[in-house]
Amino acid sequence: MHHAGNTHKMHSELIPQWPVAAKWLHLALLLSVTFQMITGLSGWIGSFFPFTWHILVGLCLMLVLGLQWGWLLMTSIGRSTLRYLFPWSPRGLRLVIMDVKGLTQGLLTPSGPRPGLPGFMHGIFLFSVTIVALTGFTLLGAFRGWWSGVPFGTLLTALRYGTLVVAAQWLGHVGMVLLHALIGDPLWEMFRLKRAKSQ
Ligand code: HEM
Ligand code: HEM
């Protein structure tokens, strides 16, 4: 496995590095989603479910998702990132296809904020996590009497199988991170939370 080289560098709207806000939001998502996934699976497949903690971290996750989507939709740098996450344009889709072709030839695309396959997968990941979290929140509201008429059994089944979809993507995401790390890509930048001088 080697590197495709940065073929997209010439496009002017590229964000040079991960914005600091994106890094903090990512860390918060990483911690809360991983916790929810492990406790949820342990409640379903195992027999240990730390209910109070799952609700508490779940409510924090709802807040983080609100901030994440707010940042993506309401700031200009967030909206540029949003175009990487959901590349619904002829050019965006073309870049995704180019990356897929590269992968079939053993070429990994560069890391960092750029349009293409990784961004698209990140978008699907964030979208899935949002749907699963909303399902959990809807169940909680039904328990607490905030609303009624919720199809409880269906939602619980959706939450459980949705968690498998999230877990599969979690493994894929971490797997790709390790692969990039193996060929020396500077992707640990994602966890450097201090503002860079040029930002
Ligand atoms: C990505 C995020 C989440 C994942 C992966 C997840 C996963 C799960 C799973 C697998 C279960 C079933 C456990 C079992 O069968 O015993 C569950 C239950 C539950 N979750 Fe989550 N959850 C997430 C987010 C949330 C959020 C945001 C809330 C609310 C704030 C929430 C509230 C609940 C509640 C109330 C239950 C209990 C349902 C019951 O006991 O029947 N979850 N969660
Ligand atoms: C647990 C849930 C996780 C979610 C929902 C998630 C989601 C995302 C998203 C949406 C992005 C793109 C960032 C953006 O566009 O603002 C991203 C990038 C990244 N994530 Fe995660 N992530 C998770 C867990 C992890 C874990 C456990 C690791 C560490 C091994 C990790 C490492 C990275 C790295 C290194 C990048 C940057 C990739 C690049 O430079 O191309 N993530 N993640």
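Author: A residue is buried if 20 or more other C-beta atoms lie within 10 Å of its own, exposed if 12 or fewer, and partly exposed in between, with C-beta atoms placed from the backbone. This is a predicted model, in which local features need pLDDT of at least 70, side-chain atom pairs count only at pLDDT 80 or more, and totals for chains, interfaces and linings use all residues. Residues are numbered from 1 along each chain as its sequence is written, and chains are lettered from A and ligands numbered from 1 in the order in which they are written.

Reader: What pattern does the protein follow, read along the sequence?

Author: Helices (H or I, at least four residues) and strands (E, at least two) are DSSP runs, numbered from the N terminus. By this assignment the protein has 6 helices and 2 strands. Their order along the sequence is β-α-α-α-α-β-α-α.

Reader: What radius of gyration does the protein have, given its 199 residues?

Author: The C-alpha trace spans about 55 × 35 × 35 Å along its principal axes. The radius of gyration is taken over C-alpha atoms, and the globule rule is 2.2 Å times the number of residues to the power 0.38. For 199 residues the rule gives a radius near 16 Å for a compact globule, and the value for the protein agrees with this: 18 Å.

Reader: What distance separates the end C-alpha atoms of helix H1?

Author: The expected span of a helix is 1.5 Å times one less than its number of residues. Helix H1 covers residues 20-44, and its 25 residues should therefore span 36 Å; the separation of its end C-alpha atoms agrees, at 36 Å.

Reader: Against which helices do the buried residues of H1 pack?

Author: The buried residues of H1 are Leu25, Ser32, Val33, Gln36 and Gly40. Two residues are in contact if their C-beta atoms, placed from the backbone, lie within 7 Å. Leaving aside residues up to four places away in sequence, Val64 touches Leu25, Ala28, Leu29 and Ser32. The helices against which the buried residues of H1 pack are H2 (51-74), H5 (117-144) and H6 (152-182).

Reader: What covers the buried residues of H5?

Author: H5 has 28 residues and reaches 41 Å from its first C-alpha to its last, close to the 40 Å expected. Its buried residues are Leu117, Pro118, Gly119, Phe120, Leu126, Val129, Val132, Ala133 and Gly136. Their cover includes H1, H2, H3 (76-85), H4 (90-104) and H6.

Reader: Which element gives the largest share of the shell around ligand 1?

Author: A residue is near a molecule if its C-beta atom, placed from the backbone, lies within 6 Å of it. Of the 27 residues around ligand 1, Gly40, Gly43, Trp44, Gly58 and Gly136 come nearest. The elements giving two or more residues to this shell are H1, H2, H5 and H6. The largest share, 8 residues, is that of H5.

Reader: How many charged residues does the shell around ligand 2 have?

Author: The closest of the 21 residues around ligand 2 are Ala22, Val33, Ser111, His122 and Met190, and H1 gives the most to this shell, with 6 residues. For the classes, Ala, Val, Leu, Ile, Met, Phe, Trp, Tyr, Cys and Pro count as nonpolar, Asp, Glu, Lys and Arg as charged, and the others, Gly among them, as polar. The shell around ligand 1 divides into 19 nonpolar, 7 polar and 1 charged. The shell around ligand 2 has 14 nonpolar and 7 polar residues, and the charged residues number none.

Reader: Is His54 exposed, partly exposed or buried?

Author: His54 lies in helix H2 and touches Gln36, Thr39, Gly40 and Phe49, not counting residues up to four places away in sequence. Because it has 19 C-beta neighbours inside 10 Å, His54 counts as partly exposed.
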